[in-house]
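I opened this model to look up two things.

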Amino acid sequence: MATITPEAMDGTEEKEITFPVGPNTRTMKGEAYLTRWVHPNFYFHVTTAYAILRHNGVELGKADYLVGART
């Protein structure tokens, strides 16, 4: 992430992105892909991992979920 420049991202909100969805493919504009596909999937997997860890006895609280690991 540190190597990506703002200039490299300019215009990608309008770029067509095609990605696999099961046996099919789907095409969306870059902004829609990020806000309607990537973000929801990311938070689904983070929340599911959090729930599995809690279910298996790992002592995690709301702050751990929202803030992350303590240093």
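My entries on salt bridges and on a surface patch follow.

**Entry 1: the model.** I am working from a predicted model.

**Entry 2: salt bridges.** I asked how many salt bridges there are. The count comes to 2. I looked up lysine 29 and glutamate 14 first. Their closest N and O atoms are 3.6 Å apart, and the pair forms a salt bridge. Lysine 29 sits in strand S2 (residues 24-29), while glutamate 14 is in the loop between helix H1 (6-9) and strand S1 (16-21), so this contact ties together parts 15 residues apart in sequence.

Next I checked lysine 29 against glutamate 16. This is a salt bridge too, with the closest N and O atoms 3.5 Å apart. Here strand S2 holds lysine 29 and strand S1 holds glutamate 16, so the pair joins parts that are 13 residues apart in sequence. I noted Glu14, Glu16 and Lys29 as a linked network of salt bridges.

Entry 3: Glutamate 14 is partly exposed at 48%. Glutamate 16 is partly exposed at 45%.

**Entry 4: nonpolar patch.** I then asked which residues form a nonpolar patch on the surface. They are Phe42, Tyr43, Val46, Tyr65, Leu66 and Val67, with about 610 Å² of accessible area together. Helix H2 (30-55) and helix H3 (62-67) each supply at least two residues of the patch.

I picked out leucine 66, which lies in helix H3. Leucine 66 counts as exposed because its relative accessibility is 58%, and the cut-off for exposed is over 50%.

Notes: Residues are numbered from 1 along each chain as its sequence is written. This is a predicted model: local features need pLDDT of at least 70, side-chain atom pairs count only at pLDDT 80 or more; totals for chains, interfaces and linings use all residues. Side-chain values use heavy atoms; hydrogens and water are left out. Patches are made of residues with over 30% relative accessible area and no salt bridge: like charges are joined within 9 Å, nonpolar side chains (Val, Leu, Ile, Met, Phe, Trp, Tyr) within 5 Å. Accessible areas come from the Shrake-Rupley method with a 1.4 Å probe; for residues, only the protein chains shown count as cover. A salt bridge is a side-chain nitrogen of Lys or Arg within 4 Å of a carboxyl oxygen of Asp or Glu. Helices (H or I, at least four residues) and strands (E, at least two) are DSSP runs, numbered from the N terminus. Buried means under 20% relative accessible area, exposed over 50%, partly exposed in between (1.4 Å probe, protein chains only).
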